[in-house]
Amino acid sequence: MSILVYIEQDQGKIKGSSLEAVSYAAGLSELQGGDVNVLGLGSIEAEEWNKVGGAGANAIYHIGDERLDQGVILAHADAIAKVFEKVGATTLVLAKSSLGDAVAARLAVKLGAGLVSNVVGLPDLSNGFVVKRSIFTGKAFADTSIDTENKILAVKKNIHPIKTDGGEAKVESLDLTISEENFVAKITGAEKAEGEILLPEADVVVSGGRGLKGPENWNMIEELADSLNAAKGCSKPVSDLGWRPHHEHVGQTGVKVAPTLYVAVAISGAIQHLAGVNASKYIVVINNDPDAPFFKAADYGIVGDAFDVVPKLTQAIKALK
Amino acid sequence: MKILVCITHVPDTTSKIQFTDNNTQLDKKGVQFIIGPYDDYALARAVELKAETSGNITVLNVGEVETEPTLRKALAIGADEAVRINAAPKDAFFVAKQIANYAKDKAFDLILMGRESIDFNGGMVHGMVGELLGMPSMSPVMKLEIEGDKGKLSREIEGGKEFIEVDLPFIAGCQEPIAEWKIPNMRGIMSARTKPLSVIEPAEEAERTAVNSYEMPPAKGAVKLVDNVDQLVDLLKNDAKIL
Ligand SMILES: Cc1cc2nc3c(=O)[nH]c(=O)nc-3n(C[C@H](O)[C@H](O)[C@H](O)COP(=O)(O)OP(=O)(O)OC[C@H]3O[C@@H](n4cnc5c(N)ncnc54)[C@H](O)[C@@H]3O)c2cc1C
Ligand SMILES: Cc1cc2nc3c(=O)[nH]c(=O)nc-3n(C[C@H](O)[C@H](O)[C@H](O)COP(=O)(O)OP(=O)(O)OC[C@H]3O[C@@H](n4cnc5c(N)ncnc54)[C@H](O)[C@@H]3O)c2cc1C
């Protein structure tokens, strides 16, 4: 019954969504028994392991191979499969992400496992293994049973509290060889915004829409985001027009976010945009059109000119601190 | 170059999602079905690559007879032939197994899919097919160039993108801005009628997961509108308790 959790790192730090996956696994282990084993790949800062113990791990395994610092899909999948067998796990838990998805899919085949993606809660074990997942881009849920012995759960963000009181877990360094054939797809480089809060991981998101009229007006969005320690997002036309980079595009065809607070500035609230934000806990809308559809999906709203409201809001938030 | 494009037949992005039969079936009444938007990007890129390399495109769906108009639309956009594997697609692994079973002896140079379906949003079928066929799989892919027998692509990662070089054959799960969606023209629509659409019976394969029932999210309460930012900050602090 033991569980293996695959955690991801970003520049040596363990991602918040991965810590959430560890705590989810700890919750699962309370229901069905079995240890929570955690696997980290690549260079991870030594202090980071305390968080993993705190989040609920019983044992930690680390493969420090630097080639795994990058998200080489085949190599990560190979390493996880080997450790899954080594610890005698039957359930693999991981956070949903662009790497997590790609890796989990290959593992479903390698491990003969039933896989459920976008899991939003702990399973109901009263009649088999039934877990709720989000479908139709957050517009509905499906109670899904997994009928195989081995199981993979790709967990959506912000659905389970992150524990910090789990105690210490020993880190065992594994000396596994990941063969060359897993590196046939060569990562030749990357472009990454340095020092920015990752949008899918963010607890607060500030997004701007086409109503802001041009990229030169993004300063005020940046300042508001900074004051809230938020990641920046945008609507599809804004990234289509090249005002903002594609990885900031939120919605049905972009990033799906699940923050505690989503602030939408000058975005109309088209159904395809809403599909990417409907998992947010609170939504604030700033729009000068009182009939903008976004207000129907919002918790709080101001009908007003963004160029007037946003700087004032930044000031008011800074004044709180 | 021989390209396989796998497409889903899904409710239009503006559809109101509802369920019937005691929340066990999708209510298809009034729902318009389309090619999944990500699959549409995959198809559009395939059509461009075909023009560059004088290739051939097969478009495939695992679905029941109702998906044929969607396959015809893909033919109108520029695929050369269509294949429908005649089964209700009820589980990602089942779908992947059918695709792999069809593709295994066809020597495709490239298999393009969408990053994810917009009904079940798994984002998993490409990786599963990759593992089943022993091919590399990459997703979400934002740019794809073919140079000789090599693919050069960029894959979105959180906060940016990475660049990958990989030999053909491989599988890519596509998303924008890989290509612009293509709208079928009159000639495409006419020729689609006579292009081959074959129906293949599925390989025997057990499903690993099953949906017991569906559920709608709880209704959202009414918005609280305020006149100024101080009131908003007050709500965030004292009502939502998040500042
Ligand atoms: C298949 C498909 C997939 C799609 N996927 C996505 C997606 O993933 N994400 C996405 O965002 N869109 C998506 N779209 C596009 C979507 O339908 C909308 O066109 C888009 O979201 C509109 O962006 P917007 O709200 O920024 O712009 P607009 O619709 O132009 O709205 C601008 C808003 O700004 C307001 N405004 C103007 N000036 C001011 C001001 N001074 N102060 C305050 N408010 C102001 C206006 O009242 C208006 O509400 C998709 C469409 C399709 C067909
Ligand atoms: C009426 C109806 C009921 C359904 N019921 C269920 C259900 O109960 N449980 C369930 O899991 N699924 C169900 N689906 C199937 C669903 O549409 C998917 O085909 C399948 O589940 C894979 O979904 P995914 O989200 O994991 O795919 P993803 O992994 O997100 O898809 C990635 C890509 O794989 C390709 N792909 C995916 N599905 C197909 C396909 N069928 N044919 C060809 N290429 C494909 C596409 O290129 C797609 O962009 C149902 C579909 C219909 C029409």
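The legends below describe close-up views of a predicted model.

**View 1. Ligand 2 between chains A and B.** Ligand 2 is placed between chains A and B. Its surroundings comprise 29 residues, and the closest are B:Asp39, B:Pro89, B:Asp119, B:Gly123 and B:Met124. Two side chains of chain B bring polar atoms to oxygen atoms of the ligand: B:Asp39 at 2.4 Å and B:Ser117 at 2.6 Å. The backbone also takes part, as a polar backbone atom of B:Val62 lies 2.8 Å from a nitrogen atom of ligand 2. On its own, ligand 2 has 900 Å² of accessible area, of which the protein covers 92%. In chain B, the elements that contribute two or more residues to the shell are strand E6 (56–63), helix H3 (92–103), strand E8 (110–114), helix H4 (125–133) and strand E14 (209–215).

**View 2. A sheet with strands from chains A and B.** The strand order of this open sheet is E14(A)-E13(A)-E15(A)-E16(A)-E17(A)-E15(B), which makes 6 strands with parallel pairing. Strand E14 (231–234) of chain A and strand E15 (224–226) of chain B are at the edges; each has a single partner strand, so one side of each has no neighbour in the sheet. From one strand to the next, the twist averages 20°. Within the sheet, 4 bridges link strand E16 (residues 282–287) and strand E17 (residues 300–303) of chain A in the parallel sense. In this pair, A:Ile286 is opposite A:Ile302 of E17(A).

**View 3. Strand E6 of chain A and its parallel partners.** In strand E6 (residues 89–95) of chain A, 7 of the 7 residues are buried, so the rest of the structure largely encloses the strand. E6(A) pairs in the parallel sense with strand E1 (residues 2–7) of chain A over 5 bridges; here A:Ser2 has A:Ala89 as its bridge partner. Strand E10 (residues 151–155) of chain A also runs parallel to E6(A), joined to it by 5 bridges. A:Val93 is found opposite A:Leu153 of E10(A).

**View 4. Surroundings of A:Thr137.** A:Thr137 sits in the loop between strand E8 (130–135) and strand E9 (140–146) of chain A. The relative accessibility of A:Thr137 is 6%, which is under 20%, so this residue counts as buried. Its side chain makes a polar contact of 2.8 Å with the side chain of A:Gln252. Apart from neighbours within four places in sequence, A:Thr137 is in contact with A:Gln252, A:Lys256, A:Ala275 and A:Asn278, and, from chain B, with B:Ile118 and B:Asn121.

View 5. Chain B contains 6 helices and 15 strands, and its C-alpha atoms fill a box of roughly 65 × 45 × 40 Å along the principal axes. Of the 243 residues in chain B, 53% are buried. Among contacts in chain B with a separation of 6 or more, 68% are between residues 24 or more positions apart.

Notes:
Residues numbered from 1 in each chain as written. Chains lettered and ligands numbered in written order. Predicted model: local features only at pLDDT ≥ 70, side-chain atom pairs only at ≥ 80, totals over all residues. Heavy atoms only, no water. Buried < 20%, exposed > 50% of the residue type's maximum accessible area, 1.4 Å probe, protein only. Polar contact = N/O pair within 3.5 Å; in protein donor to acceptor, adjacent residues only side chain to side chain. Contact = heavy atoms within 4.5 Å. Pairing = 2+ DSSP bridges. Axes fitted to C-alpha atoms, helices over the stretch in contact; angles between N-to-C directions. Near = heavy atom within 4 Å. Areas by Shrake-Rupley, 256 points an atom, 1.4 Å probe, with all protein chains shown as cover.
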